[in-house]
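Open the model in your viewer and keep the selection panel at hand. The stops below go from one selection to the next.

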Amino acid sequence: MSIFKFYKAKFISSLTSQGFELNDFSEKLSVDIPKQEKFGDISFNAPLVLSSSLKKNPIIIAQEILDIFLKQFNEFQSIEVAKPGFINFKFNNNFWLNYLLQISDEKNLLKDHSKKINIEYVSANPTGPLHVGHCRGAIYGDTLANLLNYVGNTVTKEYYINDYGNQIHMFSKSVYARILEIQKSIKFDATSGLYPGEYIKDIAKSIIKKKLIISFENYDLIKEDLGKFAMQEAMVMIKNDLLSLGIKHDLFVSETDLVNKNNVNKAIKILEDKNYIYTGVLPKPKGDENEDWEPRDQLLFKSTLFGDDVDRALKKSDDTWTYFANDVAYHLYKLDREYDQYINILGADHAGYLKRLQACVTALSDSKVNFVCKVCQLVKLYKSGEPYKMSKRAGDFITAKELVDAVGKDAVRFMMIYRSNDSQLDFDFDLVTEKSKENPVFYVQYATARINSILRKVKVDNNQITKDDLSLLNSSYELEIIKKLSVWPKCLELSAVNLEPHRIPYYLYELSSMFHSYWNLGKENNDFKIVDNPNINLVKARVFLINKILLILKSGLSILNVSAPETM
RNA sequence: GGUCUUGUAGUGAAAUGGAUAUCAUUCUUGUCUUCGAAACAAGCGUUUUAGGUUCGAAUCCUAACAAGACCGCCA
């Protein structure tokens, strides 16, 4: 547990026992690290929060609280009242040494609030390999899944396969055209609107080679099988691409399956029974240049009841279900499996779809479900400051695999998460392959390698170490590192609760930076040397400290699924 | 026209509503020369603008401006 949470609870119970009414304020009360060192190690804002309801000057309240705390706590070196109405605490060194002694990786930090979570991410169409645009959402979703699992939840990683509808026909036709090209030298018509990508050829070759279909004479006879096999091939590609990023889903849900099992009718029936469906005419979208648009009666879902901008069509003019109708069925299927929380990772290009998804889930569940959509903004690739195009294939996109091949899994994963998902991200090829401080991936990994190197050189047994042994760690640098380590649980908790994993690489970078600085002290002053130091007891204590640093770095990197190398 | 996201040092970014807004980098200057690839110190900021909520706003609300993404019965 983080010391901040721990002391918040302690302070609240202490004050409650002294007659303070804090029930309404538990959200606003906070125990935090002050930005400035002179304000101590932790600060408490109760006087500011309470002043209006108690109708008292916060400073006066602070004095009262201070008197109570001075009697009750002995782990503080000082407790002070500060300007607007904070109470600032400074721990004694003993406290920090005890803290250092018991530092753990904080796995299962939030086990007490353990949830069953479903997280859907990637869900790329099964018509070709993963491209670079999918990477960010894929890594964001996967890191989030790791993180939520790490802190003690049960997480299901889900992939929804859109293996239904027109695009699949187009895909199937495209593969067929490539098969004809291979077998009968019928030239591929690039103007036909079929998918031009090279990978279509690979899929065609594979289908021929595996003899999945005997005769390709009559397309109409084989189109269903061909489409099925082609999608299977594409899914193999996608799964391989995901694997190269270190991603493995638990569950793949097929749209076709849902349609065939009558889930769409079932879902629409539910909405109908709740009176959320009607037949009506949608207005022409504004800003649309298309003159073919004609008003038409159609089956609509009242998504505007739930905050959407317009009601959404469920049936097309040929009386088949829309993609959205199938999605309603998919979400019903999700809800039926009863998770405590649903997380859905979308790319920026699907942000406009978010409201209707939220609407359908709200409608199906009567607002009873915790369903969160997170959108990842675009990634722009750069090389030497120039927008970068990697693929030579005409009309083709940059694939995830090409990106991983160029810079490695670790760099891709680290950098894709090194920014808030709401902000656009510039990904620079030169930077991530650079071996310098500017490259955060290198900098953090180098810290783990350096620590491992030290551990190889200094063989000490730290199992029996005591607080007294650690008391040799009395420099301000060492104390600062211990304090930084104490922030780790808070970082984990904030990341998990707010679904913001970007805090983790930032934290790891800062911790690495502190370690590197600490190491470099030994260059100017022999007393600070860790390895070549005549004081064996000091070496032992320092090795204990850097072991804890390594523990946290490794834990953090494991959540990111980035390697923590022992040598580089 | 609408919706969503973003707007913080020259550049790129952080910051559960907390106190004098951090970190990296560019440049100048000084110290040091490697227990593993350098480190340390110093200089530079109207958090886009205007209102509002609050004891307190980069953060929340409203409006404007700017950038990006999206917007039909495609998926």
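Helices and strands here are DSSP runs, numbered from the N terminus, where a helix has at least four residues and a strand at least two. The model is a predicted one.

**Stop 1: two backbone positions**

With that numbering, select Asn108, which sits in the loop between α4 (93-102) and β5 (116-120). Asn108 is not a glycine, yet its phi is positive, near 60°. Is Asn108 buried or exposed, or partly exposed? Its relative accessible area is 38%, so Asn108 counts as partly exposed.

Next select Val122, in the loop between β5 and α5 (132-150). Val122 also has a positive phi without being a glycine, here near 70°. Buried means under 20% relative accessible area. Val122 has 15% relative accessibility and therefore counts as buried.

**Stop 2: the domains**

Colour chain A by domain: domain 1 covers 3-91, domain 2 covers 122-260 + 377-433, and domain 3 covers 440-560. Between the C-alpha centres of domain 1 and domain 2 there are 54 Å.

**Stop 3: the second largest pocket**

Now turn to the second largest pocket, which holds about 530 Å³ of space. It is lined by 24 residues; to find its centre, select Ile33, Pro34, Lys483, Lys484 and Val487, the closest ones to that point. By type, the lining has eleven nonpolar, three polar and ten charged residues.

**Stop 4: the nonpolar cores**

The largest nonpolar core has 124 residues; select Phe11, Phe44, Phe69 and Leu485, which touch the most other members. Then highlight helix α21 (residues 536-560), which gives the most to this core, with 13 residues.

Stay on Leu485 and show its contacts, leaving out neighbours within four places in sequence. The residues in contact with Leu485 are then Tyr99, Leu100, Ile103, Tyr507, Leu511, Leu545, Lys548, Ile549 and Ile552.

Definitions and conventions
Residues are numbered from 1 along each chain as its sequence is written. Chains are lettered from A and ligands numbered from 1 in the order in which they are written. This is a predicted model: local features need pLDDT of at least 70, side-chain atom pairs count only at pLDDT 80 or more; totals for chains, interfaces and linings use all residues. Side-chain values use heavy atoms; hydrogens and water are left out. On a 1 Å grid over the protein atoms alone, a cavity is a set of points where a 1.4 Å probe fits but cannot get out, and a pocket is an open set with protein on both sides within 12 Å along at least five of seven lines; lining residues have an atom within 4 Å of a point. Grid points are joined across faces, edges and corners, and a volume is the space filled by probe spheres set on the points. Ala, Val, Leu, Ile, Met, Phe, Trp, Tyr, Cys and Pro count as nonpolar, Asp, Glu, Lys and Arg as charged, and the others, Gly among them, as polar. A nonpolar core is a set of buried Ala, Val, Leu, Ile, Met, Phe, Trp, Tyr and Cys residues joined through side-chain atoms within 4.5 Å. Buried means under 20% relative accessible area, exposed over 50%, partly exposed in between (1.4 Å probe, protein chains only). Contact means heavy atoms within 4.5 Å. Domain bounds come from an automatic or database domain assignment.
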